Amino acid sequence: MHNINFFSEDYQENPYYYYQQMHAHYPLFYHEPTDSYVISLFEDVERAFKDPIFTSQNYSWQVEPLHGVVMIQMEGREHAKTRNVVVPSFRGKELMEQTLPLIKQNAAALIAAFNGRDVVDLRNEFTNVFPIKVIVDMLGLPGEDLHLFHRWYSCFARHFENIANIQEILDIALAARDEFRLYMSKVIDERMEQPGTDLLSVVCTSAIDGVEMTKDRIMGFCASLLQAGGETTDKALANMFRNLLLNPDQLALLRQDKSLLDRAITESLRYSPPAHMIYRVTSEKVKVTGGEIPANATVVCMLGAANRDASKFENPDEFNILRKEIDPKTAYSGASGISSFGFGRHFCVGAQLAKMEMQVAVEALLDHMAEFEFADNKVPREIGIFTRYPENMSIRYKARQ
Ligand code: HEM
C-alpha cells in the first residue's frame, strides 16, 4: 500500500476496493510517493479533524496563491473570530428568511430553461450552475455577471485539482484571480460606502477586535466561498442523482414518501461525499490506530473511506436511504454521523445551506421529471480522487404534465 498510485486507472475506477484493504490491513500507512501518512477509519478521521495537533496549514499551497489567507487555513483565535463573522448568515432564521427564497427561485429558473426538451445534461445545465448562482445572490453580486463568476470559479476549481502542478493551469487560475479582484475591488468600495443586507455588506462592515477586514481579505473570502460552496454542492447533487438512478428501489421509496428526502440526501452524502481526501499537518507526534505519526507530517484523511467503515455503518457499500445509523437532524450541525462535512472547528460553515440547496433542488427536479433515466442508458463514470463525481449527467426524462 505504501506505493499505491492514486492516479492509476485502477484506483480511480474503484477506490472503494482500496478503502476496504486500508480498513482491514493498513489503517495507517506511510505513502512514499506523496510523503504522507494515510488514515481511513472513521474514528481516526474524526479525531484528526477535531484534535488541534492536526493543523490545517496544509491548505497553503492550494489556497494562498489564489486567495491569500482564508478561514480554512487559520487556526486558534483568529479562525474562531473570522468564522463568527459569517456563521449567522449560514444558520437558522437568516438562512430561512433571506436565502431560502433565492434558492427556490434559482432552482425554478434553471428547470424552466429545460424548456420542453426530453434530454438534458443535469451537470452542465443544473448542478454546476445552481450553487454558484445561490452564492452570487447571497453576496448581493449582480446576477447578470453570473457567467463571469462561473468562469472564474471554474478556473479556481481546476487549480485545486492540479496536484501534478501543471504551470498552465496555475497561470489560468492566476489570470482569473486578477480579473476577479479587479471586478470585486470596485464592488467592495461601493458596498463599504453604502452597505445593504447582503453577505458581502456583512463582511465589509465587520470588525475583528475592532479592526476592519482588509479589502484583500474580503476578496479572498468571497472567492473561497464561491469555490467551497460551488464545487461541493454541484458534486453532491450530481452524485445523488447518479445514486438514485443506480438504485431504482431507493428512488421508488423516495417517490412514495417525500418525508424520506432528508434521509436520502444524508445517505447520498455518506455514500458519495464530494470530498474524498483532505490533508492535515501534525504539530507534534500522535498515535492513531495502527501506529504513530511523527511531528510535521502531512496526513491524508480519507473521508470517502471513513464513510464506508464497516465498524460504523452496517453494509457500508450499500446505498440505503432507510439506514438507521444516520440521523439527518444532527448531520448538518457538527455532531455529524458522517464525515462528509468534516468535524470540529473547521466543520463546514455551509452545511445547512448545502442541505437546503439539495432539498430544494432534488424536490423540484423530482417533481418536474415524472420519469427519468440515463440518456442512451449510459451510466456516467464516477471520476476523481480528491473529489469524486460523475463526469457528466445526461438524462432522458418525461416531464410531469
Ligand atoms: C469547510 C464539505 C458546502 C463553505 C468544509 C469542510 C468540508 C466541507 C469537508 C472541512 C474542510 C476541512 O476541515 O479541511 C462540504 C460539502 C458541501 C459543502 C460536502 C456540500 C454538499 C459548502 C457551502 C459553503 C461552504 C454551500 C458556503 C457557501 C465552507 C467553508 C469552510 C468549509 C467556508 C471552511 C470552514 C472553516 O474553516 O471553519 N466543507 N461543504 N461549504 N465549507 Fe463546506
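Predicted model: local features only at pLDDT ≥ 70, side-chain atom pairs only at ≥ 80, totals over all residues.
Buried means under 20% relative accessible area.

**Entry: strand E7**

I began with strand E7, residues 277-282. How many of its residues are buried? I found 6 of 6, so by that cut-off each has under 20% relative accessible area. I then checked the two faces. Met 277, Tyr 279 and Val 281 lie on one side, and they are buried. Ile 278, Arg 280 and Thr 282 lie on the other, and they are buried too. Both faces of E7 are covered.

**Entry: neighbours of E7**

Next I looked up the pairing. E7 pairs with strand E3 (residues 54-55) in the antiparallel sense, over 2 bridges. Thr 55 stands opposite Val 281 in E7. E7 also pairs with strand E10 (residues 298-302), again antiparallel, over 5 bridges. Which residue of E10 is the bridge partner of Arg 280? I read off Val 299.

I looked for a parallel pair and found E2 (residues 36-39) with E10, joined by 4 bridges. Here Tyr 37 has Val 299 in E10 as its bridge partner. Val 299 was already in my notes as the partner of Arg 280.

I also noted a helix over the sheet.

**Entry: helix H2**

Which residues of helix H2 (residues 15-25) are buried? I listed Pro 15, Tyr 16, Tyr 18, Tyr 19, Met 22 and His 23. They share one side of H2, because they cover an arc of only 155° around the axis. The face turned away from that buried side carries Ala 24 and His 25, which are exposed.

**Entry: H8 against H12**

Last, I took a helix pair. The axes of H8 (residues 130-139) and H12 (residues 215-246) come within 8 Å. They cross at roughly 145°. The crossing is right-handed. On the H8 side, the contact residues include Phe 130, Ile 135 and Leu 139. On the H12 side, they include Leu 225, Gly 229, Gly 230 and Asp 234. What is the make-up of this contact? I noted 10 nonpolar residues, 3 polar and 1 charged.

Methods
Residues numbered from 1 in each chain as written. Heavy atoms only, no water. Axes fitted to C-alpha atoms, helices over the stretch in contact; angles between N-to-C directions. Left-handed = near helix turned anticlockwise from the far one by under 90°. Contact = heavy atoms within 4.5 Å. Nonpolar A, V, L, I, M, F, W, Y, C, P; charged D, E, K, R; others polar. Buried < 20%, exposed > 50% of the residue type's maximum accessible area, 1.4 Å probe, protein only. Pairing = 2+ DSSP bridges. Arc of directions from axis to C-beta.
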